[in-house]
Amino acid sequence: MEYILIYRQPAEIYEMNKDPIKGPPNLAAWQQYMDAMGDAGILRGGNRLEALSGTSVKVVNGKRQVQDGPFADSKDLLGGYVIIDAPTLDEALRWAEFSPSSKTGFTDVYPVMAMPKK
Amino acid sequence: MAARQSYGKLLAWLSWQWRNVGAAEDALSEAFASALKHWPRDGVPVSPEAWLLTAARRNLLMAARRQRLEDDPRVLMLLPDLTAEPVDMQTIPDERLRLLFVCAHPAIDSSVHTALMLQLVLGIDAARIANAFLLSPAALSKRLTRAKAKIRDAGIPFSEPEPGELGTRIGAVLEALYGAYTVNDSTILDVEADDLADEALFLAQLMSEQIEGDAEVYGLYALLLYCESRRRARFDEAGTFVPLDEQAHSLWRNDFIHKAEFNLSRAAKLKQVGPYQIEAAIQAAHMQGVLDQNTPWREIAMLYEQLLFLGPTVGAKIGHAIAVARATENPAQGMELLDAIQTSGVAGHQPWWAARASLLAMMGRKKEAETAYTRAIALTRNEAVQTWLKRKREKLSLSSSNNQN
């Protein structure tokens with residue numbers, strides 16, 4: 001079945017990733033991690049996100065409210081996700097465990113809902 | 001037919017085949033319901049379990065058809081079974097252990113582990129579990145439903161945990177069983193804990209039979225057996241709690257004690273010390289003390305020290321304080337230890353006040369002891385314990401002077 005792995009880390013980590021000296025080693029760890037999933041043949045999709053450039057929108061009393069930045073109160077920002085195919089939750093949790101974000105922030109795992117056949 | 005045996009075995013097997021605990025549970029309870037209707041009329045079938053299993057499978061198939069799942073491989077797997085000869089229960093593997101492991105999966109809210117095990121492996125209904133754990137039945141049902149939906153939807157595997165994770169998962173199962181056994185409002189093991197004690201003991205036995213090489217599995221089983229062996233001696237005819245050192249050991253169950261000893265020595269051979277084994281050893285020492293009319297307080301104090309080293313729980317700290325006071329015959333030393341735990345929020349903890357009261361009494365500080373007993377009485381809901389504490393308090397005021405000590 002399919003699972004989505006959502007990577008969340010504190011803003012400092014994303015800032016560090018943009019640093020020409022400190023960034024590359026950190027990003028290399030991500031590359032290795034993604035390669036491992038690719039080689040395992042389980043990767044079904046995914047994206048990196050501009051974690052520091054999020055905007056949130058909310059409708060209150062019919063009026064649109066736009067806010068810069070993801071949610072001032074949450075420390076860990078959404079930096080990317082992948083969809084993987086894994087036979088069990090345990091397997092998906094293992095891939096989540098390997099993610100660099102699990103050391104610096106955390107990784108959420110959700111089963112992807114199976115859509116009824118048409 | 002022992003329903004307790006059958007229910008879990010059948011549910012575990014169906015869940016394993018169907019990979020959906022909730023659906024298997026519905027199908028099986030429907031099967032039990034139709035058994036209640038048919039058996040009194042047509043007679044009990046030769047193999048009741050096989051009958052139940054066939055009925056449950058039919059229910060699962062019908063449910064699958066309603067949901068248009070006919071092409072699902074799981075359905076196709078069940079189809080030939082229905083037309084085949086009646087199932088031989090002997091050939092059905094016991095999957096209850098796997099079911100226990102599923103219930104204690106770390107992805108499931110740990111506060112619901114115990115309730116899930118009791119419901120899925122033993123078929124105890126949510127209302128009774130809620131009652132024992134002092135929860136609202138509606139709230140518990142909601143949490144159980146959510147947990148079962150998660151088992152189904154999140155793809156929690158119906159398999160044994162991997163070697164690296166096995167120890168942790170066994171620990172989670174043991175913790176849940178211990179929780180079921182000591183579900184009452186007190187940490188004193190001698191307090192009657194509804195009748196979930198039987199159920200916890202049964203599951204602990206199941207674990208000890210099916211798991212090789214984990215000392216704490218045998219340790220927990222030994223601990224529960226020691227506690228259970230004294231069940232009949234724990235309350236007098238008036239229903240008052242009788243503490244271990246005042247019990248009539250003729251009322252203890254020797255068969256349980258022997259089994260406990262066997263499991264504890266089986267555990268010791270593995271040389272993996274753990275809290276359940278030490279607690280069982282403490283029980284054994286206390287009981288031996290009653291038989292010898294001489295409690296080995298020094299040894300007990302040492303066991304508590306080991307227990308504290310592994311995990312400083314409030315219960316262990318209190319036990320340690322008492323044991324030290326008795327071993328050194330110096331209640332002041334025990335009191336110092338009791339005072340030291342005051343910081344961790346024990347002011348609302350009945351055993352702490354009861355321990356304090358007994359040490360104050362030992363020191364001859366009667367007025368303070370009385371106050372401490374009064375506080376302890378106010379902090380327990382268990383009537384048998386209340387009566388016992390009241391009696392201790394009365395004894396105190398009856399003794400006219402300090403020379404009674």
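Predicted model: local features only at pLDDT ≥ 70, side-chain atom pairs only at ≥ 80, totals over all residues.
**Figure 1. The open sheet of chain A.** Four strands of chain A make up an open sheet, and their order is β2-β5-β1-β6. The pairing in this sheet is antiparallel. At the edges are β2 (43–48) and β6 (106–111) of chain A, each of which pairs on one side only. On average, neighbouring strands of the sheet are turned by 20° against each other, direction ignored. Strands of a sheet pair through backbone hydrogen bonds, and the pairing can be parallel or antiparallel.

**Figure 2. The pairing of β2 and β5 in chain A.** Strand β5 of chain A covers residues 76–85. Five bridges join β5(A) to β2(A), and the two strands run antiparallel. Opposite Gly46(A) stands Val82(A), a residue of β5(A).

**Figure 3. Chain A as a whole.** Chain A contains four helices and six strands. Along the sequence these elements follow the pattern β-α-α-β-β-β-β-α-α-β. The C-alpha trace of chain A spans about 50 × 45 × 20 Å along its principal axes. Of the 118 residues in chain A, 16% are buried. Among the contacts in chain A between residues at least 6 apart in sequence, 75% join residues at least 24 apart.

Figure 4. Gly23(A) belongs to helix α2 of chain A, which covers residues 23–40. Is Gly23(A) buried or partly exposed? Gly23(A) is partly exposed, because 14 other C-beta atoms lie within 10 Å, whereas a buried residue needs 20 or more. Apart from its neighbours within four places in sequence, Gly23(A) is in contact with Met16(A), Asn17(A) and Lys18(A). Ile13(A) is 10 residues from Gly23(A) in sequence, and the distance between their C-alpha atoms is 8.9 Å.

**Figure 5. The contact between chain A and chain B.** Five residues from chain A and six residues from chain B take part in this contact. On the side of chain A that touches chain B, three residues are nonpolar, one is polar and one is charged.

**Figure 6. Helix α14 of chain B and its buried face.** Helix α14 (residues 297–310) of chain B has 14 residues. From its first C-alpha to its last, α14(B) reaches 20 Å, close to the 20 Å expected at 1.5 Å a residue. Buried in this helix are Ile300(B), Ala301(B), Leu303(B), Tyr304(B) and Leu307(B). Seen down the axis of α14(B), these buried residues fall within an arc of 160°, so they line one face of the helix. An α-helix has 3.6 residues a turn, so residues three or four places apart point the same way. The buried residues of α14(B) are covered by elements including α13 (275–292) and α15 (314–328) of chain B.

Figure 7. Helix α18 of chain B runs over residues 366–378 and has 13 residues. The span of α18(B) from first C-alpha to last is 18 Å, close to the 18 Å expected at 1.5 Å a residue. Its buried residues are Ala369(B), Ala372(B), Tyr373(B), Ala376(B) and Ile377(B). Down the axis of α18(B), the buried residues fall within an arc of 140°, so they line one face of the helix. These residues pack against α17 (350–362) and α19 (383–398) of chain B. On the other side of α18(B), Lys367(B) and Ala378(B) are exposed.

Terms used:
Residues numbered from 1 in each chain as written. Chains lettered and ligands numbered in written order. Pairing = 2+ DSSP bridges. Axes fitted to C-alpha atoms, helices over the stretch in contact; angles between N-to-C directions. Expected span 1.5 Å × (residues − 1). Buried ≥ 20, exposed ≤ 12 C-beta atoms within 10 Å, placed from the backbone. Arc of directions from axis to C-beta. Contact = placed C-beta atoms within 7 Å. Nonpolar A, V, L, I, M, F, W, Y, C, P; charged D, E, K, R; others polar.
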